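The entries follow the order in which I looked things up.

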Amino acid sequence: MVNKATELKSMTIERTRPAGSFIKAVTAVVWKDVRAEFRSRELFSAMLVFSLLIILIFNFALELDIKTRQSVTAGVLWATFAFAGTLGLNRSMAIEKDRGCLDGLLLAPVDRSAIYFGKMISNLAFMLIVEIIVLPVYSVLYSVNLFQPGLLLVILLGSIGYVAVGTLLAAMSVQTRTRDILLPILLFPVVIPVLLAAVKASSGFLSGAELAEILLPINLLIAYDVIFIAVAFMVFDSVVEE
Amino acid sequence: MQSKPLALKILDVVSIIVLGISTYLALVFAPKELVMGDVQRVFYFHIGTAWTALLGFILAALFSVVYLITKNLRWDRLQVAAIEVSLVFFLITIALGSIWARPAWNTWWTWDPRLTTAAVTELIYIAYFMLRQGIDEPEKRARFGAVYALVGGISAPITFFAIRLFRTIHPVVISGSNAAAQGSFNMTPDMLTTFFFALFTFTVIFIDLFWNRIRLGDLQDKVEQLKLKVSI
């Protein structure tokens with residue numbers, strides 16, 4: 001009886017841990033991913049080469065001459081990020097599942113949402129690094145200046161929304177039988193608002209539209225980011241539960 | 001093997017009867033619309049199926065939340081039933097809309113907010129079934145299904161508002177007027193009667209199919225459990 005009481009007490013203490021330890025757990029997961037990636041570089045290099053290939057394919061598919069380039073640049077960029085993103089998300093979760101790392105992570109005495117935020121932030125970091133490399137390459141290849149602060153903000157907001165949903169769905173898809181093909185099918189219909197608003201805002205910045213016009217899609221991106229981070233935060237427990 | 005409950009049998013018959021009456025009302029009783037002619041009659045069933053499909057999708061999102069809280073597999077079976085029936089109804093809505101759009105808009109399909117959202121919604125729930133197919137454990141299948149139905153159910157309305165950033169040509173018949181809409185019209189009292197009866201009809205049919213599907217889910221579950229017992 002006494003034992004049980006102390007156990008209960010220690011459990012409540014664990015549950016009311018200060019926010020500092022939550023952030024510590026998140027950084028630990030991010031750090032683990034970054035270090036593993038730094039050693040193998042398999043995820044990053046695959047995403048980068050894949051993005052460059054997609055841009056190459058678009059060049060032939062759309063005949064990106066100067067006239068069409070103006071109107072389709074934003075679309076080409078976001079299609080590239082979306083496709084390359086699934087590659088990274090799938091791989092980052094598959095690694096955890098294959099080597100039994102996920103079970104190890106789940107055994108750790110931390111809040112499960114800390115694992116979600118850790119994976120999300122590391123996925124976001126890889127995606128942003130790839131984007132930062134793709135942008136100048138695209139700028140040089142097609143002589144469009146993509147380094148505008150507005151556009152960079154849109155890319156950041158869009159990537160956050162994409163990764164927030166993507167990390168949650170990737171955690172589900174790697175646990176299914178059809179895991180190699182399922183993620184894009186699950187993810188794309190759900191992130192359409194992100195892609196739509198991001199393309200709208202990006203092409204607005206590229207064509208020098210007025211700020212009032214661009215503000216609407218940007219607000220939509222922020223709303224989407226907030227809503228889906230909150231949803232993922234609440235349901236991630238049921239996705240990794242064994 | 002339990003036999004079908006009597007109430008469900010009666011509801012089956014009632015749905016067939018009201019569908020017959022509704023068809024008569026839509027095709028014969030309702031007056032011919034002046035501008036669009038007979039093709040406008042598609043409208044009654046178009047709205048009827050659309051309303052019930054949306055009802056089913058909203059119910060499914062609610063069942064997700066309840067399932068994730070209670071973890072009772074009964075709610076999962078309700079969710080599958082709602083989504084399966086709604087998926088078919090929504091497909092009928094899109095097909096009927098296309099039949100109407102060809103003469104009214106001179107195209108089978110346009111990338112209008114409602115049409116695009118409808119297509120995306122169909123894809124979300126098809127993905128939902130593909131996700132479920134890839135999982136063998138019933139409990140895990142239910143959990144993942146609930147999470148995805150919730151994410152999809154929140155995303156679909158956002159898609160709708162996102163595409164509204166562009167202009168719409170879809171007519172809004174019931175309330176409000178849209179200057180850019182093509183093919184809107186005002187309803188006469190007879191049309192209203194037909195319209196509300198069609199709504200009623202499809203609600204009855206939806207409840208009937210929903211109930212049948214839940215019963216099927218329960219029986220499936222029983223078969224699965226018996227198979228497990230035999231294999232042990």
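I began with the exposure of A:Arg41, which counts as exposed because it has 11 C-beta neighbours inside 10 Å; the scale I used calls a residue buried with 20 or more other C-beta atoms within 10 Å of its own, exposed with 12 or fewer, and partly exposed in between, the C-beta atoms being placed from the backbone. I noted that this is a predicted model, in which local features need pLDDT of at least 70 and side-chain atom pairs count only at pLDDT 80 or more, while totals for chains, interfaces and linings use all residues. Residues are numbered from 1 along each chain as its sequence is written, and chains are lettered from A and ligands numbered from 1 in the order in which they are written.

I then checked the backbone of A:Arg41 and found a positive phi of about 55°, although the residue is not a glycine. A:Arg41 sits in the loop between α2 (19-40) and α3 (42-62) of chain A, helices being DSSP runs of H or I with at least four residues, numbered from the N terminus.

In chain B I looked up B:Lys71, also not a glycine, and read a positive phi of about 60°. B:Lys71 lies in the loop between α2 (42-70) and α3 (73-105) of chain B, and it is partly exposed, with 15 other C-beta atoms within 10 Å.

Last, I turned to the contact between the chains, where 23 residues of chain B meet 24 residues of chain A, contact meaning C-beta atoms, placed from the backbone, within 7 Å. On the chain B side, α4 (113-133) and α5 (138-163) each supply at least two residues, and the largest share, 13 residues, comes from α5(B).

Key
Two residues are in contact if their C-beta atoms, placed from the backbone, lie within 7 Å.
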